[in-house]
Amino acid sequence: MRYPAKQTTQWLKLVLGSLIIFFIAALMLFNPASLITSQQAKNDALIAESMAYHIGVSAYLYGYPLIDMTSQMHNETHLVEDNQDVYAPVNKLYRFNHLITPQTAGNLRAPNSDTLYFQGWYDITQQPLIIHTPDTQGRYFTIAITSLYAEVVHIGRRTTGTKERLFALVTPTWSGTLPDKVTPIVTETSKGWLLGRMLVTGSEDFVQANQLMEQIWLQPLGEFNGQPSNKKTEKINAQKYDFKGSLGFFAELNRTLKTLPLRPGEAALLAQFDEIGVGPNVTFDVDLLTPPQRKGLEHAIKDAEDIIQASTQRSIKSTNGWMISKDIGVYGYRYMHRASVVKGGYGNLPEESLYPAAVFDENGNLLNGSDRFRVHFNPEQLPPVDGFWSLSAYKLEDAQFEPNSIDRYSIGNLTKGLTYNELGGLTLDLQHEMPADTTTNWLPIPEGHFMLVMRLYEPKQNVLDNQWIPPSIERL
């Protein structure tokens, strides 16, 4: 059927009009501006979450020692628990006035029984701190001064001798006058940790070693009169700090970074931290985080913790079954490595002491106290040290000593009664039960899986250069 031209025109106009109305309605319903706004919101959320995550991981690794140390400082200079193992106010020492045994090790991990421990937390923000050390007449001692960045300088026999001395702990920017015969010791941060060790050769030596340890004391410069202070300080109760694994970590990191000078080469990194509200030029407020930012930071915390844990479990290249790490005490830009060391505990510089450790025998089998072992040193293999050396055995599951019938928890060149062969070689017998031959050089070992730690105090250069390594651990 054919329609008149006029009618066809009217029909086309009607269809076109309907289409126009449809498109206008569609435009009103699907506003391009709203589409753009919606996509922009998604982009903003993606950027906020991703930046918080990626920068957050870096900030967590970087800040791990800072938060670990500031938390420990708070928790050991305040009363935070009913049965607190360690407590001393800032700029005071806490002394472990006992030999280390399975009953007295407390929270110490893989402690040594060669030295008495003492420690304290310093704050030299307002003024230097005087450190007095007595004349130990050649007896080994050391004080590791650890900054919030976990980097170490030492006072002690190796670095400053054993005569009676006075030192002043100062920051790099301090300017002032010290009393005569007071030697400045520069530490990078105005707050940090002192961990000291005084050689003790056994119960018969305890009194003398303890008396020397008691003569090490601290005093702020403004109170210094050449004598230890008997001034009593008020004990302060407080809530325990524990920021790891929570958003409170970033809040504490932000507060701490504001108190520290900028380190060379780290300006760009800290500017990145500013981008997520953590750096020193902004103020972090967890309540102002957007949901994407919170999600990103929470994800960063979990992954950073996993990275640090994985880093502590990396295999250290071993020789003869012994693992030796020399990358301790100075870290530079190796933030992951620094965090992994801190998680496992702090350490001395390698030139102060080295700690070869073993959990396997010469054939790659786990060490277990159900077997007997031997470590033999030919005369030329004896550990080359300027200080002394020892070997200790710990339960593998908790790195603690296990009680034994002769109360011997280490054996070394200062152990009384050691027997050498006619050529000057030394054999150490490692077993759980007392050997039938009581004249052997016996180190009791735990009943189950265990690890060995050799301590080399003031190792010689050929040890630091890897020219000397401990002999194999032989399973008998």
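Predicted model: local features only at pLDDT ≥ 70, side-chain atom pairs only at ≥ 80, totals over all residues.

Residues are numbered from 1 along each chain as its sequence is written, and side-chain values use heavy atoms, with hydrogens and water left out.

**Overall build**
- The protein chain has 9 helices and 20 strands (DSSP runs numbered from the N terminus: H or I of at least four residues, E of at least two).
- Its radius of gyration, taken over C-alpha atoms, is 32 Å, well over the 23 Å that the globule rule gives for 476 residues, so the chain is more spread out than a compact globule. That rule is 2.2 Å times the number of residues to the power 0.38.
- The C-alpha trace spans about 130 × 60 × 45 Å along its principal axes.
- Of the 476 residues, 47% count as buried (under 20% relative accessible area; exposed is over 50%, partly exposed in between, with a 1.4 Å probe and protein chains only).

**The S18-S17-S14-S20 sheet**
- These 4 strands make an open sheet with mixed pairing, in the order S18-S17-S14-S20; two strands pair if DSSP finds at least two bridges between them.
- S18 (442-444) and S20 (474-475) sit at the edges with a single partner strand each, so one side of each has no neighbour in the sheet.
- S14 and S20 run antiparallel to each other over 2 bridges, and Phe373 has Arg475 in S20 as its bridge partner.

**Salt bridges**
- The whole structure holds 20 salt bridges (a Lys or Arg side-chain nitrogen within 4 Å of an Asp or Glu carboxyl oxygen).
- Arg475 also meets Asp361 in a salt bridge (2.7 Å, N to O). That pair links distant parts of the chain, 114 residues apart: strand S20 and the loop between S13 and S14.
- Arg475 is partly exposed at 26% relative accessible area, whereas Asp361 is buried at 2%.
- Lys302 and Asp306 bridge at 3.2 Å between closest N and O atoms; both lie in helix H7 (residues 291-312), 4 residues apart, about one turn.

**Surface patch**
- Phe360, Leu366 and Leu396 make a nonpolar patch of about 220 Å². Patch residues have over 30% relative accessible area and no salt bridge; nonpolar side chains (Val, Leu, Ile, Met, Phe, Trp, Tyr) are joined within 5 Å, like charges within 9 Å.
- Leu366 is in the loop between S13 (357-358) and S14 (373-377), and is partly exposed at 36%.

Conventions
Areas by Shrake-Rupley, 256 points an atom, 1.4 Å probe, with all protein chains shown as cover.
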